[in-house]
Structure formats: structure tokens, C-alpha cells
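Please keep the sequence and the structure in view while reading.

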Amino acid sequence: VILGTEHYVALSTVLFGLGGVGFLLRRNVLVQLMSLEVMLNAVNLALIAFNRTRPDAHTGQVFAFFVIAVEAAEVAVGLAVVLSMFRLRRTVRSDEADLLKH
Amino acid sequence: MLLGVSADPPEDTRGRVARGVRAAVFGLSLFVAILPLTISAHAHVIGPATPDFGSIDSFGWSLYNGAIVPFELSSALLMVAVLGAVAVARGRQGELAHTMPSSQPGLAPLEPSRLDEPRSPSLGVGEGAKP
């Protein structure tokens with residue numbers, strides 16, 4: 001079978017859906033961060049696949065580059081927040097992060 | 001999970017059904033709505049690319065000529081993120097030395113019982129009273 005843009009977009013959709021379902025199902029913040037990474041990487045895959053159909057520019061790849069940079073920053077801050085929450089509450093479950101609720 | 005046994009108390013089942021329904025609605029709607037659009041009988045075949053497509057040369061040219069300002073801003077973003085991560089993760093100075101009895105009563109201090117007996121059955125029951 002010849003791989004076309006549709007296959008990449010389908011794979012990207014599946015990855016994004018898996019990441020979203022994992023983010024909604026799991027309550028461990030670390031696993032939720034991993035699911036977030038899966039979703040961002042699915043977006044990167046779609047961007048690069050669409051860029052491949054227009055080989056005269058690299059806009060999609062440049063955009064994926066910035067997505068990766070933002071992803072790195074987000075993970076750094078996210079892990080720091082998780083570490084801080086674990087120090088405070090001794091748990092990494094996201095439904096127990098209710099310090100601002102009461 | 002990755003932070004040891006004490007970070008992984010027994011799973012409570014509050015809202016498990018609602019959570020599952022939410023995730024199922026998200027995933028199924030995504031798959032039902034988008035997957036049929038992407039799978040067509042005739043795939044959009046991509047022709048061969050030019051030899052320098054995706055090479056370091058041309059990608060760097062695009063990056064530095066079309067997106068130099070965001071590129072520099074991303075370096076600032078990463079620097080700020082690292083500084084913020086260190087500031088948040090390090091906590092207050094001397095926090096562990098004298099605030100173990102919790103100088104902040106409203107902030108749910110450390111509960112020693114949860115550390116000592118992470119598998120105690122009272123965990124799931126006692127927590128259930130929360131709204």
C-alpha cells in the first residue's frame with residue numbers, strides 16, 4: 001500500500017485520541033503529562049505530514065519545531081509543579097489537587 | 001506510580017463511571033468524526049520531494065529567515081521555564097527544617113499516617129466524605 005497524507009492524518013488522529021482518552025481516564029498527574037505529550041506529538045505528525053504535501057516551504061516543520069520547544073518548557077514546569085504538589089500533599093493524583101477549591 | 005508506594009494510594013472509585021463516559025465520548029466522537037474523513041478509497045499519493053526538502057540546510061534557512069523572532073523568543077521561553085521549574089521545585093529555603101508541623105494550617109499539612117500506612121483501608125473510606 002502506498003502511504004498518503006490520509007494515513008498520516010489517520011495515525012495522528014488515533015494518537016491524539018489515545019492521548020486524550022488517557023488524559024481523561026487516568027488520575028496520575030505523571031501519566032496525564034505523558035498523555036499530553038502523545039497528543040502534542042500527534043499534532044507534530046500531522047503538521048509534518050501536511051508539510052510534505054507542499055515541499056516548497058518548511059512552514060509545518062518550523063511549526064513542529066516550536067511545538068517541541070513549548071512542549072519542553074511545559075514538561076519542565078509541569079514536573080516542577082508535580083514535585084511541589086507531591087511535597088505538599090504526598091500524592092500525585094490530580095483529583096486531590098484541590099487546594100484552590102475550598 | 002513513579003514516586004514510590006506512598007504516592008500511589010489505592011484507587012478510589014468516586015466518579016469512575018463519569019470519567020469513563022467522558023473519555024468514551026471524547027474518543028468515540030473523535031474517531032467517528034475524523035477517521036472516516038481521513039480514510040478514503042484513493043490515497044493522496046505524495047510525489048517525490050526535492051533533494052533538499054527537509055535537509056538541515058533548507059530547514060535552517062526557513063527557520064532563520066521566516067521565523068527568527070519566534071526562534072529567539074522560544075529561547076527566552078525555555079530559559080524562563082527552566083528558572084521557574086527550579087524556583088518551584090526547590091521550594092522555600094529551610095522548609096524541611098522547621099515547618100513539618102505545618103505553619104500553614106489551611107494547606108493540608110503532611111499526614112504521617114498516609115506515609116506510614118499507604119495501604120491502610122481507612123484511606124479510601126475516610127476520604128469519601130469529601131463533596
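Chain B exposes about 9200 Å², of which carbon and sulfur atoms supply 69%; accessible areas come from the Shrake-Rupley method with a 1.4 Å probe, and for residues only the protein chains shown count as cover. Of its 131 residues, 21% count as buried, where buried means under 20% relative accessible area, exposed over 50%, and partly exposed in between (1.4 Å probe, protein chains only).

This is a predicted model, in which local features need pLDDT of at least 70 and side-chain atom pairs count only at pLDDT 80 or more, while totals for chains, interfaces and linings use all residues. Residues are numbered from 1 along each chain as its sequence is written, chains are lettered from A and ligands numbered from 1 in the order in which they are written, and side-chain values use heavy atoms, with hydrogens and water left out.

The secondary structure of chain B consists of six helices and zero strands. Helices (H or I, at least four residues) and strands (E, at least two) are DSSP runs, numbered from the N terminus.

## Helix α3 of chain B

Helix α3 of chain B covers residues 68–90, and its end C-alpha atoms are 33 Å apart.

The buried residues of α3(B) are B:Phe71, B:Ser74, B:Ala81, B:Ala85 and B:Ala89. They pack against α3 of chain A together with α2 (56–66) of chain B; contact means heavy atoms within 4.5 Å. After α3(B) comes B:Gly91, whose phi is positive, near 75 degrees.

## Where α3(A) meets α2(B)

The axes of α3(A) and α2(B) are 10 Å apart, and the helices pack at an angle of about 70 degrees. That makes α3(A) roughly perpendicular to α2(B), a term for angles of 65 to 115 degrees. On the α3(A) side, A:Gln61, A:Val62, A:Phe65 and A:Phe66 meet B:Phe59, B:Ser62 and B:Leu63 of α2(B).

## Two residues of chain A

A:Val70 belongs to helix α3 (residues 59–89) of chain A. With a relative accessible area of 47%, A:Val70 is partly exposed.

A:Gln32 lies in helix α2 (residues 29–52) of chain A and is buried, with a relative accessible area of 9%. A polar atom of the A:Gln32 side chain lies 3.0 Å from the backbone oxygen of A:Phe23.

Methods
Expected span 1.5 Å × (residues − 1). Polar contact = N/O pair within 3.5 Å; in protein donor to acceptor, adjacent residues only side chain to side chain. Axes fitted to C-alpha atoms, helices over the stretch in contact; angles between N-to-C directions. Parallel < 35°, antiparallel > 145°, perpendicular 65-115°, else oblique.
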